[in-house]
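Me: Can you walk me through this structure? I'd like the overall layout, then some details.

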Amino acid sequence: IEGKNAFLPKVEKRHDWLQQNLKAVLKRYGVEDSLGYSLEYIFLTSEAIPLPFVRNNLTNNRFLTLYQLRQNIDLLFNSAP
């Protein structure tokens, strides 16, 4: 999480870029009306992340496992509870 190659700052930088360019990205994919669209980044993992790690380091981030996603694809389109 920390250090020169920490993944979280990289994810946040990408999210910020997408947030600033959402309208252009949507337009590139044929969506002319960007109203009603928003971004949220999630971490998609192959296995569950140990809860103590998440609590101590990533409390403001949302995690989904591939299993959860396969069981309910709508999880991608709904905000975290």
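Reply: We'll start with the overall layout and then go to single residues. Keep in mind that this is a predicted model.

Me: How many helices and strands are there in the protein?
Reply: Four helices and two strands. From the N terminus on, the order is α-α-β-α-β-α.

Me: And what share of the residues count as buried?
Reply: 19% of the 81 residues. The protein exposes about 6,900 Å². Carbon and sulfur atoms supply 52% of that area.

Me: On to the strands. How many bridges join β1 to β2?
Reply: Four, and the two strands run parallel. Strand β1 covers residues 42-45, and strand β2 covers residues 62-65.

Me: Which residues of β1 are on the covered face?
Reply: F43 and T45. I42 and L44 are on the uncovered face.

Me: Tell me about T45. Is T45 buried or exposed?
Reply: T45 has a relative accessible area of 16%. The cut-off for buried is under 20%, so T45 counts as buried.

Me: What is the bridge partner of T45 in β2?
Reply: T65. T45 is also in contact with F63, L64 and L66, leaving aside its neighbours within four places in sequence.

Me: Which backbone oxygen does the T45 side chain reach?
Reply: That of E47, at 2.6 Å.

Me: Switching to aromatics. How many aromatic pairs does a search of the whole structure find?
Reply: One. Y41 and F43 form an aromatic pair, with 5.9 Å centre to centre. The angle between the planes is 90 degrees, and the pair is edge-to-face.

Me: Are those two buried or partly exposed?
Reply: One of each. F43 is buried, with a relative accessible area of 11%. Y41 is partly exposed, at 21%.

Me: Why isn't Y41 called buried?
Reply: Because buried means under 20%, and Y41 has 21%.

Me: How far is Y41 from E12 in space?
Reply: 8.4 Å, C-alpha to C-alpha. In sequence they are 29 residues apart. E12 is found in helix α1, residues 7-20. E12 is partly exposed, with a relative accessible area of 36%.

Me: What share of the contacts with a separation of 6 or more comes from residues 24 or more positions apart?
Reply: 32% in the protein.

Me: Last one. Which residue lies over the face of Y29?
Reply: R28, at 5.8 Å from the ring centre.

Key:
Residues are numbered from 1 along each chain as its sequence is written. This is a predicted model: local features need pLDDT of at least 70, side-chain atom pairs count only at pLDDT 80 or more; totals for chains, interfaces and linings use all residues. Side-chain values use heavy atoms; hydrogens and water are left out. Buried means under 20% relative accessible area, exposed over 50%, partly exposed in between (1.4 Å probe, protein chains only). Two strands pair if DSSP finds at least two bridges between them. Rings of Phe, Tyr and Trp (its six-membered ring) pair if their centres lie within 6.5 Å; planes under 30 degrees apart count as stacked, over 60 as edge-to-face and the rest as tilted. A charge sits over a ring if NZ of Lys or CZ of Arg is within 6 Å of the ring centre and within 35 degrees of the ring normal. A polar contact is a pair of N or O atoms within 3.5 Å; within protein, one must be able to donate a hydrogen and the other to accept it, and residues adjacent in sequence count only if both atoms are side-chain atoms. Contact means heavy atoms within 4.5 Å. Accessible areas come from the Shrake-Rupley method with a 1.4 Å probe; for residues, only the protein chains shown count as cover.
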